[in-house]
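Colleague: I would like to learn how to read packing features in a model. Please take me through a few.

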Amino acid sequence: MSVALIAASCGGDDDAADEPDTAEEATDTADDGEASEPAAEPSGGDDSESSDDGKSTTLIATLPQEPASWNYWEVGANALRVPTFYNVQETLVEVKPDGSIVPMLAEDWSISDDGLSYTFTIREAMFHDGSELDSADVVYSMLKNAESPLSKLSAPHLIVSSVEALDDTTVEIVLSQPSATFLKELGNSAGYVVPENFLEDNDAGSTMIGTGPFVFSDYKPDTSLTLTRFEDYWGDLPYFEVIDWRFVDDETAALNGLLAGEYDFVTAVLAEGIERVATFSDDAEYKVLFESAGEVSYLWLNVNEEAFQDIRVRQAIAHAVNREEAIAVYDGYADPTCLMVVPYAEPYNSDYCPYPYDPDTSMSLLAEAGYEDLEVDYPFAAVASHPFTMEVLTQQLGAVGIKVNSRSEDLTTWLDKTWAQGNYGMSEIRDSANILQYGCEGGREPLGKSSQLCIPEFEDQLALADSYTDNDEYLAAMSDLVKTLADLAWVTVIAAPRVPQVMTAGLDGIQEVRINNAVDVRSARWSD
């Protein structure tokens with residue numbers, strides 16, 4: 001989830017805040033509405049290394065959020081995957097930005113004619129601890145992923161009947177039914193590969209061991225995470241020798257730091273910095289790439305609340321939401337939508353919207369249901385766009401007679417009390433999970449980890465959709481599935497944001513499409 005939920009606790013960046021001279025100058029510039037100070041030479045710091053072309057081989061990038069833990073197996077925060085997925089930790093296969101699937105730790109694979117048996121040939125590769133990758137590591141990883149409390153890891157494995165090492169370099173996975181998406185999911189979180197017994201032998205909350213081109217080297221809580229190039233990497237070595245991720249939750253400080261040459265790359269502008277994005281777009285010293293909508297914003301309701309058992313109440317809340325107003329926080333960098341389609345460009349997306357903005361109908365439904373004096377508890381995460389969205393939704397629901405009792409929580413508290421424990425009436429997040437991970441047996445979203453709601457109609461459609469191997473049938477089933485979720489009105493989808501990524505003009509190789517939310521820096525380099 002995203003800012004979303006996804007994230008975990010935010011950490012300020014003392015380095016950014018303590019740059020009085022340059023930051024002050026940059027602030028003045030920003031106040032003038034211009035991003036005019038020329039960008040400093042790419043990167044770094046006085047101690048940064050240089051490549052043969054004399055340019056720094058250290059990339060300094062800011063992250064708006066910091067995960068509470070680096071345990072990939074139990075922390076679903078985007079903040080964990082953004083700097084590490086594909087950079088540190090790799091998967092069996094790789095999903096490319098165009099949706100194609102290519103080899104990663106499996107250099108080859110075959111699928112039986114009945115679509116049930118997948119046989120993978122594991123490549124020669126080394127983990128960052130010096131051990132060699134073999135089929136035992138893959139078997140361990142797949143079985144562990146299946147046990148994860150995170151549906152992104154475990155849900156795709158619900159249909160797995162067995163995982164077996166046929167020899168040191170061959171692994172067979174047998175499914176109980178054909179799946180349209182299983183192989184692709186092995187290029188996302190469900191395909192994480194770690195050394196055998198990694199979770200038992202290591203403190204997964206503070207370290208990562210992968211096979212990726214960068215080593216998880218130095219983590220300083222509230223400050224930074226340093227990745228260093230893995231010289232024994234099985235593939236092409238990346239250009240940068242060091243990736244210096246700085247945790248900067250203050251977007252003004254992050255953008256000012258970019259202007260001052262302290263940072264090379266602001267990986268996401270989510271809130272107060274949005275209004276400054278256009279000035280960077282217009283400045284030749286910088287460039288802005290918009291992440292293709294890889295997540296959606298939505299509000300959802302507590303399935304245990306008595307009032308929400310009446311679908312008329314849920315429909316009334318959905319009709320009360322004016323999406324055009326709610327997405328103003330994104331300053332035009334978002335599309336209103338009613339469907340849970342991730343990524344937003346999936347071909348089964350449409351303009352279907354069963355409950356468009358209609359306050360009169362909303363009030364009528366509340367009256368019919370006998371809930372004209374409804375009150376709703378609304379805890380919100382006090383980060384990124386969520387406070388603004390809370391204000392808008394509170395006003396809109398108030399306009400139809402629903403009293404919203406909003407309360408602010410820091411992100412760590414929100415993830416625990418609201419998302420995990422279910423202490424809420426309604427709330428709002430941004431999430432990158434595919435709708436196929438929303439089954440009640442999958443364990444969570446979009447209704448929070450505490451939800452146990454199982455809707456037979458939805459569950460049946462969900463299982464059926466993934467079983468189609470014919471693409472047309474699959475797309476039709478997915479279209480029906482997302483419409484059914486919208487009809488149920490437990491979830492009201494609001495927007496598909498396009499997150500701005502702001503960087504110095506000389507930085508190339510950053511992708512607009514983030515696979516599994518990751519900022520993939522494997523191909524990043526300075527332009528010639």
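Colleague: Is Glu 457 buried, partly exposed or exposed?

Modeller: Glu 457 is partly exposed, because its relative accessible area is 47%. Buried means under 20% relative accessible area, exposed means over 50%, and partly exposed lies in between (1.4 Å probe, protein chains only). A word on the source: this is a predicted model, where local features need pLDDT of at least 70, side-chain atom pairs count only at pLDDT 80 or more, and totals for chains, interfaces and linings use all residues. Residues are numbered from 1 along each chain as its sequence is written, and side-chain values use heavy atoms, with hydrogens and water left out.

Colleague: Where is the place of Glu 457?

Modeller: Glu 457 sits in helix α15. Helices (H or I, at least four residues) and strands (E, at least two) are DSSP runs, numbered from the N terminus.

Colleague: At what angle do α15 and α16 pack?

Modeller: Two packed helices are described by the angle between their axes and the distance between the axes. Here α15 (residues 456-467) and α16 (residues 471-488) pack at about 160 degrees, with axes 9 Å apart. Axes are lines fitted to C-alpha atoms, for helices over the stretch in contact, and angles run from 0 to 180 degrees between N-to-C directions. The two helices are therefore roughly antiparallel, a label for angles over 145 degrees.

Colleague: Which residues of α15 and α16 make the contact?

Modeller: From α15 come Glu 457, Phe 458, Gln 461, Leu 462 and Ala 465. The α16 side includes Tyr 474, Met 478, Leu 481 and Thr 484. Contact means heavy atoms within 4.5 Å. Take Glu 457 and Thr 484: they are 27 residues apart in sequence, and 8.4 Å apart in space, C-alpha to C-alpha.

Colleague: Now the rings. How many aromatic pairs does the structure hold?

Modeller: It holds 20 aromatic pairs. Rings of Phe, Tyr and Trp (its six-membered ring) pair if their centres lie within 6.5 Å; planes under 30 degrees apart count as stacked, over 60 as edge-to-face and the rest as tilted. Tyr 118 and Phe 182 form an edge-to-face pair, 5.3 Å centre to centre, with 70 degrees between the planes. This pair links distant parts of the chain, with Tyr 118 in strand β5 and Phe 182 in helix α6, 64 residues apart. Both Tyr 118 and Phe 182 are buried.

Colleague: Why is the pair of Tyr 233 and Trp 234 tilted?

Modeller: Their planes stand at 45 degrees, with the ring centres 5.1 Å apart, so the pair is tilted. Tyr 233 is buried at 11% relative accessible area, whereas Trp 234 is partly exposed at 28%.

Note on methods. Parallel < 35°, antiparallel > 145°, perpendicular 65-115°, else oblique.
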